[in-house]
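Below are some points on this model, set down as a colleague's reading to be followed with the coordinates open.

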Amino acid sequence: MAGKNDYFSMRNEITNDKIDALLADLPNFISDFFYGIANNTSSLTRLNYAYDLRVFFNYLSEVKKIGVEKMDITILDELKAVDIERFLNYLSHYKINGKSVSCNERGKARKLATIRAMYRYYFNRDMIKANVASKIETPKLHEKEIIRLEDDEVEQLLDFAESDNAFSGRKQAFHNKLKTRDFAILSLFLGTGIRISELVGLNVDDFDFDNNSFVVTRKGGNRTILYFNDEVKDALYAWLDERYEIEGLPRDENALFISLKNQRISTRAVQVLVKNYAKEVTPLKKITPHKLRSTFGTDLYRKTGDIYAVADFLGHKDVNTTRKHYAAISQDSRKLSAEIVKLHNKNEENDNDR
C-alpha cells in the first residue's frame with residue numbers, strides 16, 4: 001500500500017481496484033486491451049474506458065441476446081458501422097443498474113472514442129479483420145459557453161470568503177472554522193489556475209515560500225514548478241499558521257489542505273465549498289473549480305497575449321485546448337463593439353449643430 005501522504009499513488013491504487021472490479025463485468029478478451037494500453041494511459045483514462053465499455057457490451061448483450069460473459073472477440077468482427085451508430089442513438093436514453101441515463105453529444109463522443117481505441121488496438125495486432133469503428137463520424141460538438149468570473153466578481157468572491165458573516169445558520173458555523181482555509185483554496189485556484197486534483201494532492205513540503213513557487217503533479221504524473229504572487233502567499237501563510245495549531249492533527253499528515261476530520265480534503269469537499277461561496281456572489285453563474293481555472297487562463301491570456309505561455313502554465317499538452325480562452329477575449333471585443341455603436345446618433349448631430 002502507498003504511503004499515507006502519497007495522494008496520487010493512493011488514488012491510482014483505488015482506481016486500479018475499480019478497473020479490476022469492472023473487468024469482471026466485461027468479456028474476458030477485454031483484459032488484453034487494458035493490459036496493452038496500461039503503459040500509455042493514466043489509470044483514470046482506463047477507468048473511464050471501463051465504464052464506457054460496460055455500457056457498450058451491456059447494450060450488445062441486449063441486442064444479440066447473449067450474455068456478456070459468453071462473448072469472445074469475434075463479436076467485434078460481426079458488428080457493422082451501422083450497429084455502432086445505433087448504439088450512439090441508444091445512448092440518448094438508456095438505463096444502467098435500474099437508473100435512467102441520458103448522454104449528450106460530448107458523452108456520445110467520449111464513448112465513441114473509447115470504442116475506436118478498443119477496435120484500433122485489436123486491429124493493429126491482427127486480432128480482428130476490420131476496424132469498423134474508424135468509419136463512424138464523431139457527433140457534432142457545439143461550442144460550450146465560456147463561463148468565468150469578471151474581475152469585479154473575483155474581488156467580490158474573495159471579499160465574501162474572507163468576511164466574518166458570510167452565511168447564516170449551520171453554514172456560518174462551518175465558515176467560522178474554515179474561513180482561512182477556504183480563502184487560501186480560492187486564492188490558489190484564482191492565482192494559479194491549477195486543477196482540483198492538483199490542489200487536493202498538494203503537500204506542505206511542495207512549497208518554497210522564498211521563491212513563491214510550488215511543485216504540482218500534473219495529469220500523467222509529471223511534476224512541474226509553478227509560481228504564485230504575494231496575495232496567494234499571504235493567504236497560504238495565514239492558513240498554515242492555523243493548520244499547525246489544529247488539535248489532534250497527526251504529525252505525519254503532510255497534506256496542505258485539511259478537512260474537519262483532520263485528513264486530506266477531498267475533491268468533493270472542494271467542489272462544494274466553491275459552489276457555496278460562488279452562488280452567494282454570482283447566483284446566475286454555475287461556478288466550479290474548473291471555472292475558476294478558466295477565469296485564471298482567460299485573465300492570463302488577456303494580460304500576456306501569449307497563448308503558449310497560458311498553455312504551459314495550465315499544463316495543456318495541446319495549445320488548441322487553450323484556445324477556448326481566446327473565445328472569452330472575443331466576448332470582450334463584442335462588448336466593446338456594442339458600446340461603440342450608438343443608437344441615438346441624432347442627439348450627437350444636434351450637439352454638433354449647437
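1. In this predicted model, helices H1 and H3 pack at an angle of about 20°, their axes lying 9 Å apart. Since angles under 35 degrees count as roughly parallel, H1 is therefore roughly parallel to H3. The crossing in which H1 passes H3 is left-handed. For orientation, H1 covers residues 7–23 and H3 covers residues 43–64.

2. The largest pocket has a volume of about 1,600 Å³, and its lining is made up of 45 residues, of which Leu 44, Thr 45, Asn 48, Arg 195 and Lys 219 lie nearest the centre. By residue class the lining divides into ten nonpolar, 20 polar and 15 charged residues.

3. Which helices supply at least two residues each to the lining of the largest pocket? They are H1, H3, H6 (105–124), H9 (196–200), H11 (267–281) and H12 (289–304). The largest share, six residues, comes from H3, the helix that also packs against H1 at about 20°.

4. Turning to the strands, E3, E4 and E5 form an open sheet in that order, with antiparallel pairing. Its edge strands are E3 (207–208) and E5 (223–227), each of which pairs on one side only. As background, the strands of a sheet pair through backbone hydrogen bonds, either parallel or antiparallel.

5. The two pairings of this sheet can be followed in turn. E3 is joined to E4, residues 213–217, by two bridges, and these strands run antiparallel; Phe 207 stands opposite Phe 214 in E4. E4 and E5, for their part, pair in the antiparallel sense over five bridges, and the bridge partner of Thr 217 in E5 is Arg 223.

6. What lies between E4 and E5? The two strands form a hairpin with five residues between them, and Gly 220, in the turn, has a positive phi of about 90°.

Note on methods: Residues numbered from 1 in each chain as written. Predicted model: local features only at pLDDT ≥ 70, side-chain atom pairs only at ≥ 80, totals over all residues. Heavy atoms only, no water. Pairing = 2+ DSSP bridges. Helix = DSSP H or I, 4+ residues; strand = E, 2+ residues; numbered from the N terminus. 1 Å grid on protein atoms, 1.4 Å probe; cavity = no way out; pocket = protein on both sides within 12 Å on 5 of 7 lines; lining within 4 Å. Points joined across faces, edges and corners; volume = space filled by probe spheres on them. Nonpolar A, V, L, I, M, F, W, Y, C, P; charged D, E, K, R; others polar. Axes fitted to C-alpha atoms, helices over the stretch in contact; angles between N-to-C directions. Parallel < 35°, antiparallel > 145°, perpendicular 65-115°, else oblique. Left-handed = near helix turned anticlockwise from the far one by under 90°.
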